[in-house]
Amino acid sequence: MRALRPRPAAPRKIADLAVKIASSLASLIGIFFLSWILWEVIRKGVAAINWSFFSQLPAPPGTPGGGVANAIVGTLAMTVIGTAIGVPVGMFSGVYLAEFGQHNRFGSLVRFGVNVIMGIPSIIVGLFVYTIMVKPVGHFSGYAGALSLAIIMLPVVARTTEDMLLLVPDSLRESALALGAPRWKVTGNIVFRAARTGMITGMLLAVARISGETAPLLFTALNSPYWPNSLGQPTANLTVTIFNYAMSPFADWQQIAWGASLLIMVAVLMLNISARLATKGKTR
Amino acid sequence: MSEATSHYQSEKRADTVFKAVMTASAGLVLLIMIAILIELTHHSQLSLHKFGFGFLFSSAWNPVSGQFGALSSIFGTVVSTVIAMLLAVPLGLVIALFLVELAPPWLSTIVGNAIELLAAIPSIIYGMWGLFVFAPFLADHIQPLLGKTLGFLPLFKGAPMGIGMLTAGIILALMILPFVAAVMRDVFRMTPAVVKEAGYGMGATTWEVTSHVTVRYGLSGLLGAVFLGLGRAIGETMAITFVIGNNHNISASLFAAGNSIASTLANEFTEASEPLYLSALVELGLVLFLLSLFVQLAAQWWLKRIKLGIGRGT
C-alpha cells in the first residue's frame, strides 16, 4: 500500500477529464465506423433489390438483370438441415453436461471439447467436412454444407443449453424426483419448461450465426448457377455467391453481391432481434 | 401391484435410454474434436513427409514447381491479428468504459444494443464494405497522408493501393470491436456498486475508480475478452480474404499485399488439383487449427491461474 499523502486535486481532475473526453471520442469513432458499414450496405443493397432479384436465376456476366433465387433456396435448405442436425445433438450434449456431467471426468472432457470446437475457425470445420464428405465422394454437395453448418452450431447450442439448465434451481428437480418422476420426465417436462425462453434465444442466435457463414461452405457446398434440384450436388448459396460476385470484375454482379449482402444482414439482424425480444418478454 | 412394478420397470428402462442418448451426443462432440485433428493430419501426410518442419519456415509457394511453405501465410495471420488487437482492445475498453461509467442510461442501452447487434453481422459483410468502400477510401485519403508523415518508417513505404495488410488489420479490428466491447461492458457491469461507491466516497475521480477498482476487479474477465477476440481474429476468413491482396510475399510495409492462412485456403482451395498442392493447403489448415487450439489452451490456463490468484472469477 502506498502511504497516504495529500495530492493536489487539479491534476487528478484534469486527468479525469482527459480520459472522459478520449473515451467519448473513441466511442464516437467506433460507432461512426460501424454505422458507416450499415449505411453503405443498405444504400448499395437497396439499389440492387427488385423482383427479379428474388425470382430469377443468375444471369451470365455482362447481361443485366438476373437474380439469386437459387441461392436463397439453397441457403434456406442448408440452414434448415444444419439446424435439424445441430440443434438436437447440441441440445442433448448440453443436457448431458448439465444433468449428468457436472462432477465427473467425462463431463469436463466434453466441456473442453465444446470449448475447442467453439473456438475453431469455421474454415477449418469446412476443411474437415471436405475431407470426410467431399473428397471420398468426389464432388461438392449441399449435404456437406449442411453438415459443416451443423458442426459450427453444435457447441453454441450445447453451451447455451447447459448454461440455461444450470439456472434452473435444483430444488425443482428434487421435488419432481421425490414425487417419483423418472429423470427423462424431470428434464423434459420440468427443467426444459423452466429454461425454455433462454434455450429458444440460444437457438435463434445459433441459427443467425450459421446463416451468415461463408468460409465452411466454400469447401463443401461450393456454389452453382442452377436450381438446387438435389442437395447431393454443388448447391447455390447466398454467401459464396457474394464472395464470387464481389471478386468478379463485372459491375452487374457486384451490384447483385450488395443486394445479397443486404438480404443476409437483414435476416441475421431479424433473428437476433427476435431472440432478444423473446427473452425480454419473459423475464420482465 | 404387478402393474405398478412393470410401470416402474419401463420408466426405469426409459431413463437408461435417456441417459444413453444424452451421453452419446456428448461423446459425439469429443469424437468430432478428435476426428478433426486426425483427418487434417491424415490428409496433409504428403506435404508433411515432403517438407517436414521446413514447411513452417519456408516462404516458397509455387504450385507449378510443387514448392510449398507456410511462412508468408503465418506471417500475414500474425501481423493482421496484431494490428487488429492493437486497435480493437483499447477501443473496446474505452467504449465499454463509456457505456458503463459515462453515458446516461438511455444512451447506454441504445448504444449497447446496437453494439451487440453489430457483433452478429457476418464477416462477409465486413469484407464487402472493406473491398468496395474502405479500401478505396484508405488509398485516396489515409495512406498518402501516412506515407507523407511517417513514410521514413519501413512500415509505411510503398504505393497506396488500398488493398493490403493494413486494410486487412483495420477491417479485422472493426469486426472484433463490437464483440470485445460487449464482453468488456458485461465485465465492467459485474463490479459491485458498493466497491465503486467506496472509491467515490473516498473522493476518487471516475478515472481513478475505473483504473484502480473496476479494471482490477474484472481483470480476468477483461483478459478473457481479449483472448476471445484473439481467437476470432486468428481464424477470420472472409473479412480478410476480400482485402488482404492474396500475395505470397513477406514485406515490411503494411501497404503491401499479403495473405493469411485462412485467406490462402479460401482463395486457392478450389483451384488445387495436384495432390501435393491440396495436401499443403490442408497442412496450412492444420497449422491454423493448432494455433487456435494453443490460444484457447493458453486462455483457459491463464484464466484459471488468475482466478486462483485473486480468489474470484467473473
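Okay, let's start with chain B: its secondary structure comes to 13 helices and two strands, where helices (H or I, at least four residues) and strands (E, at least two) are DSSP runs numbered from the N terminus. Chain B has a radius of gyration of 25 Å, well over the 20 Å that the globule rule gives for 314 residues, so it is more spread out than a compact globule. That radius is taken over C-alpha atoms, and the rule is 2.2 Å times the number of residues to the power 0.38.

Quick housekeeping: this is a predicted model, where local features need pLDDT of at least 70, side-chain atom pairs count only at pLDDT 80 or more, and totals for chains, interfaces and linings use all residues. Residues are numbered from 1 along each chain as its sequence is written, and chains are lettered from A and ligands numbered from 1 in the order in which they are written.

Along its principal axes, the C-alpha trace of chain B spans about 85 × 65 × 35 Å.

Now, who touches whom? The contact takes 68 residues from chain A and 63 from chain B; two residues are in contact if their C-beta atoms, placed from the backbone, lie within 7 Å. On chain A's side, helix H1 (residues 9-48) gives the largest share, 18 residues.

Last, one residue to look up: B:Ser211 sits in helix H9 (residues 206-217) of chain B. The C-alpha atoms of B:Ser211 and B:Lys50 are separated by 53 Å, and the two are 161 residues apart along the chain.
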